[in-house]
Amino acid sequence: QGEVPVEITVTSGQRPEPTVQIRADLTNADLVLEAIAWRKPPGRSAFLQFEIAEGKTHKRELQNFRVAGDSIAIEGWAALGADNRLKEFFFTDFSLNVVTRLEVQGKLGADNVWSIKARGPTFDGRDFFRSLFSVGQVTDKPVKPLKPREGIDLDAAIDNVIGFSEVSLRGLKMKMQRRGERLTSLDARGTLDGGKPLAAVLDPKAAGPRKLRADSTDAGQAFRLTGFYPNIQNGRVRLEVNLDGSGPAEKTGTLWVEDFRILGDAVVTEVFGGVEETKGQGGKRERKVVRQAFDFDIMRVPFSVGHGQFAMDNSSLKGPLIGAHMRGKVDYKT
């Protein structure tokens, strides 16, 4: 969306119809791909270019279709129907942020639902994971569509999804459905570095509010992948999100982590007695870390999201500390 100057070049040649080339300057436009949390803000250089030709299956084809900029490179073709609406596309090269390398193709069905397939060796998922903590909002202010959105059925298979802390998700297979603004179905599964699985599922047949559930038997790697918290080791993580919140909360949910260890966190070390004070030379007090590993049985974190904010409810420590490993029960609620 935004101001887009367009140049049209018409060249006569040996063919009965002239060659028509379109070049659009996207520099001052806001270009947003919400599904993968990618954005080109106004002011960053980019352009769109293609040639208009008679189509074989559809009325018009946009051949040599190309979008290029500082952090985007898309090449392929697209097709328009008799109503001048986009009906089909095939991007043999879909590259973002230098790292992402995909092949993406889509076709619009008679029910106005896009069937889209994405395949490729690499996807940089860091912007997507970061967007999870800003309630999926990519821009400072939500970009409202200029017309009602169609539905989408997405089938993706990606060899390597790059996350934070040099952790990746291998062999991602995902099927997702959206109808308008609503996520209606999701099944995503992959393997974290270290060999443990990570899965996220939204059951379209479940009664009541839409519930998104995620699960992994390596909480530490899952948290590092998403950039949530780097100092947890091992553990099982379960996440349940109610996508149909009420009142000011757009979404509510609970995060559980079981049988995990926290390593090298200065705040946790101080709170749970891992720092002792001694007197050094000249009577000067010195602080020394005597312990950097703490084991816990369970952590429960209720949370809500709304108005672009992620809020955890209250925090308190419950249960006994058992033995030298300082096991306990942590219940976050503020």
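Predicted model: local features only at pLDDT ≥ 70, side-chain atom pairs only at ≥ 80, totals over all residues.
User: How many helices and strands are in the protein chain?
Analyst: There are 3 helices and 24 strands in the protein chain.

User: What's the mean pLDDT of the chain?
Analyst: The mean is 83, and 79% of the residues reach 70 or more. pLDDT is the predictor's confidence in each residue, from 0 to 100.

User: Which elements have the lowest and highest mean pLDDT?
Analyst: Strand β23 (residues 316-322) has the lowest, at 36, and strand β7 (residues 72-80) has the highest, at 96.

User: Where does pLDDT stay under 50?
Analyst: Over residues 315-334. The model has 55 contacts beyond four places in sequence for that stretch, a contact being heavy atoms within 4.5 Å.

User: And across the protein chain, what share of contacts join residues at least 24 apart?
Analyst: Among contacts between residues at least 6 apart in sequence, 43% do.

User: How much of the chain counts as buried?
Analyst: 37% of the 334 residues. Buried means under 20% relative accessible area, exposed means over 50%, and partly exposed is in between (1.4 Å probe, protein chains only).

User: Switching to rings. How many aromatic pairs are there?
Analyst: The count comes to 7 aromatic pairs. Rings of Phe, Tyr and Trp (its six-membered ring) pair if their centres lie within 6.5 Å; planes under 30 degrees apart count as stacked, over 60 as edge-to-face and the rest as tilted. F65 and F91 form a stacked pair, 5.5 Å centre to centre with 25 degrees between the planes.

User: Where do F65 and F91 sit in the chain?
Analyst: F65 is in strand β6 (residues 60-69) and F91 is in strand β8 (residues 86-96), so the pair links distant parts of the chain, 26 residues apart. F65 counts as buried at 13% relative accessibility, and F91 counts as buried at 11%.

User: What about F260 and F296?
Analyst: F260 and F296 form a stacked pair too, 5.5 Å centre to centre, with 20 degrees between the planes. F260 lies in strand β18 (residues 251-263) and F296 in strand β21 (residues 293-306), so they tie together parts that are 36 residues apart in sequence. F260 is buried at 3% relative accessibility, and F296 is buried at 2%.

User: Which residues form the aromatic cluster?
Analyst: F50, F65, F89, F91 and W114 form one aromatic cluster.

User: Which ring does the charged end of R23 sit over?
Analyst: The ring of F47, 3.9 Å from its centre. The charged end of R238 sits over the ring of W256, 4.9 Å from its centre. The rule is NZ of Lys or CZ of Arg within 6 Å of the ring centre and within 35 degrees of the ring normal.

User: Is D295 buried or exposed?
Analyst: D295 is buried, with a relative accessible area of 8%, and lies in strand β21. A polar contact of 2.6 Å joins the side chains of D295 and R261. That term covers a pair of N or O atoms within 3.5 Å; within protein, one must be able to donate a hydrogen and the other to accept it, and residues adjacent in sequence count only if both atoms are side-chain atoms.

User: OK, how many salt bridges are in the whole structure?
Analyst: A search finds 16, each being a side-chain nitrogen of Lys or Arg within 4 Å of a carboxyl oxygen of Asp or Glu. One of them joins R119 and D155, with the closest N and O atoms 3.6 Å apart. R119 lies in strand β10 (residues 113-124) and D155 in strand β11 (residues 151-162), so this pair ties together parts 36 residues apart in sequence.

User: Which residues are linked in a network of salt bridges?
Analyst: R182, R210 and D244.

How values were computed
Residues numbered from 1 in each chain as written. Heavy atoms only, no water. Helix = DSSP H or I, 4+ residues; strand = E, 2+ residues; numbered from the N terminus.
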